[in-house]
Number of protein chains: 2
Amino acid sequence: MKVAFQGELGAFSQQAIQQLLGTRAQPVPHQRFDQAFAALKAGKVDSAVIPLENTLAGSVHENYDLLLKYPFTITAETSVRVIHNLIAPPGVTFRSLQTVYSHPVALNQCLDFFAKYPRIQRVPFYDTAGSVKMVMEDRPAGAAAIASELAAKTYNASILKRGIEDDRQNFTRFCLLETEGAKPHAVPGASKRPWKTSLVFSTKNVPGALFRSLSALALRDVNLIKIESRPLRGKPWEYLFYLDLIGRQDDPAVHNALHHLAELADFLRILGSYRSA
Amino acid sequence: MKVAFQGELGAFSQQAIQQLLGTRAQPVPHQRFDQAFAALKAGKVDSAVIPLENTLAGSVHENYDLLLKYPFTITAETSVRVIHNLIAPPGVTFRSLQTVYSHPVALNQCLDFFAKYPRIQRVPFYDTAGSVKMVMEDRPAGAAAIASELAAKTYNASILKRGIEDDRQNFTRFCLLETEGAKPHAVPGASKRPWKTSLVFSTKNVPGALFRSLSALALRDVNLIKIESRPLRGKPWEYLFYLDLIGRQDDPAVHNALHHLAELADFLRILGSYRSA
C-alpha cells in the first residue's frame with residue numbers, strides 16, 4: 001500500500017503511517033501538503049496521512065482547507081508523541097560535539113538542552129529527518145542532528161540523547177485519508193476506543209446560528225469534543241465550523257442529529273467516522 | 001513605551017507594534033514567547049505584542065496557554081498581512097543572485113518563485129529578519145534574504161522583488177497585552193470598528209454543556225465570531241473554550257450574558273474588550 005505524506009523519509013508523519021498501517025506500508029514523500037492530496041486524487045497512492053493539529057501549535061488550517069477542497073474520507077486517526085533525539089553518526093561521542101543541525105522549530109523546542117551545553121552551536125536546517133541524512137552523508141566534524149528515533153533508524157545513525165525537548169506535552173494528531181466512501185480503517189490496538197465523527201458545516205452569521213445548530217446534537221445527548229470556527233473565504237461574516245463528536249455516523253442518535261443539523265446549516269459535509277486515537 | 005515581542009528587530013511582530021502603537025514605541029526583542037510575558041510581569045516593559053492566530057497555520061496555542069497563566073488584559077488587536085520580499089544589499093542585482101536565505105517557513109511560502117527561478121538556491125536560516133541582517137553584515141556573493149519590508153528598512157537593505165509569497169491570504173492577528181485592568185487602547189483608524197470581547201471558559205464534559213453555555217449569548221442576540229475548544233490539561237474529557245464575541249463587556253446585553261455564562265461555566269475569565277482589527 002502506497003501512502004502519501006509531506007516531508008522527508010524518517011519524518012514524524014512516517015511514524016504516524018507506521019502506527020496506522022504497520023511497517024509494510026510504503027511511505028511516498030512529498031514536498032507540500034497539496035501535492036500529497038493531489039497524488040491521492042490522481043490515484044498515484046492508495047491513501048495519504050496528514051497532520052491536523054498539534055498540542056502546542058494548534059490546528060493546521062491549510063490541511064482543514066484541503067480536506068474541504070478534496071472529496072476524501074477520514075478512515076482512521078493516530079496521535080504521535082513528538083520526541084526530539086540527539087542523533088549522530090556511529091562513533092561520534094557526545095563530548096566531541098560542536099554543532100547540532102535541525103529544523104528551527106525543533107531547535108526552538110530544545111532550548112533548555114542548549115542552555116545546559118553552551119559549547120554546542122545550533123544550526124538551522126531544512127528538515128529534521130533531512131538533517132540526520134546530511135550528517136550521515138557529509139560527516140561534518142563534531143556534528144549531530146535533532147530528529148525522531150525513526151529518522152535515526154532510517155539513516156543508520158546513533159541516538160546520543162533521547163527526549164531532549166523542553167515540553168513533553170507535544171503531540172501531533174494525524175489522520176488517514178482514503179478515497180470517497182472508504183470504510184473505517186481498523187488500527188491495531190484501537191478496537192475498544194470510542195468512535196469519533198468529524199464534520200464541517202457553515203451557518204449564516206445571525207446571532208444564535210451556532211447555538212441553533214448545536215441543538216441538533218444537544219437534544220440527542222450527542223457529545224461534542226472539538227469545535228473550531230473559521231471565517232469563510234470571500235464571504236465576510238459567514239463561518240465554517242469544524243466539529244468532532246463522539247459516535248459513529250450510523251448510530252441512530254448521531255444519524256438523526258446529522259439529519260437535523262443538515263436542515264439547520266447552509267452546508268454540511270461528514271468527513272468520516274473512525275476510532276479515536 | 002517599551003514593548004516586548006518575540007523575534008528579531010524587523011520581524012512581523014514589530015510591524016504589529018508599529019500598527020498598534022506607532023513608530024515611537026520601543027520594541028524589546030525576546031527569544032521566546034514566555035520570556036516576553038515574563039518581561040511584562042516583571043515590569044521590565046510597559047506592554048507586550050503577541051500573535052494569536054494565522055490564517056494559514058491556525059491558532060498559536062502556546063500563547064493562548066500563556067494568556068491563561070498570566071493576568072494580563074488584551075487592550076487592542078491588529079492584523080498584519082504577511083508579505084515576503086526578496087531583499088539584498090544595495091547594488092546587488094536580481095540577475096547576479098545565486099542564493100536566498102530565510103526561515104524555512106518563509107522559503108516554503110515562496111515555492112512558486114523558486115520554481116520559476118531554479119538557478120537560485122534556497123538556504124534555511126534561523127529567522128526572516130535575521131537573514132537580512134546577515135546578508136548585510138557578511139555580504140556573501142550573490143546572496144539575498146526573504147523577509148518583511150520593515151526588515152529591509154531596519155538593516156538599510158534594498159527590496160529586489162515585493163510580494164513573492166504563493167498565497168496572498170496570509171494574515172497574522174496580533175494582540176496588545178497590558179497589565180491587569182488596563183483600559184482599551186485606541187488604535188489609529190480603528191475608532192469606528194466594532195468592539196470585540198475575548199474570553200475563556202470551561203465546562204464539565206456532559207453532553208450539551210457547550211450548548212447550554214452558548215444559550216447565555218444566544219438568548220440576548222450576542223454574536224459569536226470565534227470559538228475554539230481545547231482539552232484541559234490534567235483533566236481528561238473536560239474542555240476550555242476560547243470565544244470572541246461582538247460587543248463590549250460593559251454593554252448591557254453583553255454584561256448580562258457574561259453574568260449568565262459565569263453561572264453556567266466552571267470557570268470564566270474575560271481577557272479584554274477592544275476594537276476589532
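A crossing of two helices is left-handed if the near helix is turned anticlockwise from the far one by less than a right angle, and right-handed if clockwise. Helices (H or I, at least four residues) and strands (E, at least two) are DSSP runs, numbered from the N terminus.

This is a predicted model, in which local features need pLDDT of at least 70 and side-chain atom pairs count only at pLDDT 80 or more, while totals for chains, interfaces and linings use all residues. Residues are numbered from 1 along each chain as its sequence is written, chains are lettered from A and ligands numbered from 1 in the order in which they are written, and side-chain values use heavy atoms, with hydrogens and water left out.

**View 1. Helix H8 of chain A meets helix H8 of chain B.**
Both helices span residues 209-218 of their chains. Their axes come within 10 Å and cross at roughly 155°. Axes here are lines fitted to C-alpha atoms, for helices over the stretch in contact, and angles run from 0 to 180 degrees between N-to-C directions. Angles under 35 degrees count as roughly parallel, over 145 as roughly antiparallel, 65 to 115 as roughly perpendicular and the rest as oblique. H8(A) and H8(B) are therefore roughly antiparallel. The crossing of H8(A) and H8(B) is left-handed. From H8(A) come A:Leu210, A:Phe211, A:Leu214, A:Ser215 and A:Ala218. They meet B:Leu210, B:Phe211, B:Leu214, B:Ser215 and B:Ala218 of H8(B). Contact means heavy atoms within 4.5 Å.

**View 2. Chain A holds nine helices and 15 strands.**
Its C-alpha atoms fill a box of roughly 65 × 40 × 35 Å along the principal axes. Chain A has 277 residues, and 56% of them count as buried. Buried means under 20% relative accessible area, exposed over 50%, partly exposed in between (1.4 Å probe, protein chains only). Take the contacts in chain A between residues at least 6 apart in sequence: 74% of these join residues at least 24 apart.

**View 3. Five strands of chain B form an open sheet.**
The order is E8-E7-E9-E6-E10, and the pairing is mixed. Strands E8 (121-124) and E10 (158-161) are the edges, each pairing on one side only. Two strands pair if DSSP finds at least two bridges between them. Neighbouring strands are turned by 35° against each other on average, direction ignored. Helix H6 (residues 128-138) of chain B packs on this sheet. H6 touches E6, E7 (99-102) and E9 (143-147). The direction of H6 makes about 155° with that of E9(B).

**View 4. E9(B) pairs with E6(B) and with E7(B).**
E6(B) and E9(B) are antiparallel, over three bridges. B:Leu86 has B:Ile146 as its bridge partner in E9(B). E7(B) and E9(B) are parallel, also over three bridges. Here B:Val100 is partnered by B:Ala144. Is E9(B) enclosed or open? Five of its five residues are buried, so E9(B) is largely enclosed by the rest of the structure. B:Ala143, B:Ala145 and B:Ala147 point one way, and B:Ala144 and B:Ile146 the other way. E6 (residues 85-88) also runs antiparallel to E10(B), joined by three bridges. B:Ser158 in E10(B) is the bridge partner of B:Ala88.

**View 5. Helices H2 and H3 of chain B cross at roughly 25°.**
H2 covers residues 33-41 and H3 residues 61-69. Their axes come within 10 Å. H2(B) and H3(B) are therefore roughly parallel. The crossing of H2(B) and H3(B) is right-handed. B:Phe33, B:Asp34 and B:Phe37 of H2(B) meet B:Glu62, B:Asn63, B:Leu66 and B:Leu67 of H3(B).

**View 6. B:Gln15 sits in helix H1 of chain B.**
H1 spans residues 12-21. B:Gln15 has 23% relative accessibility, so B:Gln15 counts as partly exposed. Beyond its neighbours within four places in sequence, B:Gln15 is in contact with B:Val80, B:Ser148 and B:Leu150. B:Gln15 and B:Ala151 are 136 residues apart in sequence and 9.3 Å apart in space, C-alpha to C-alpha.
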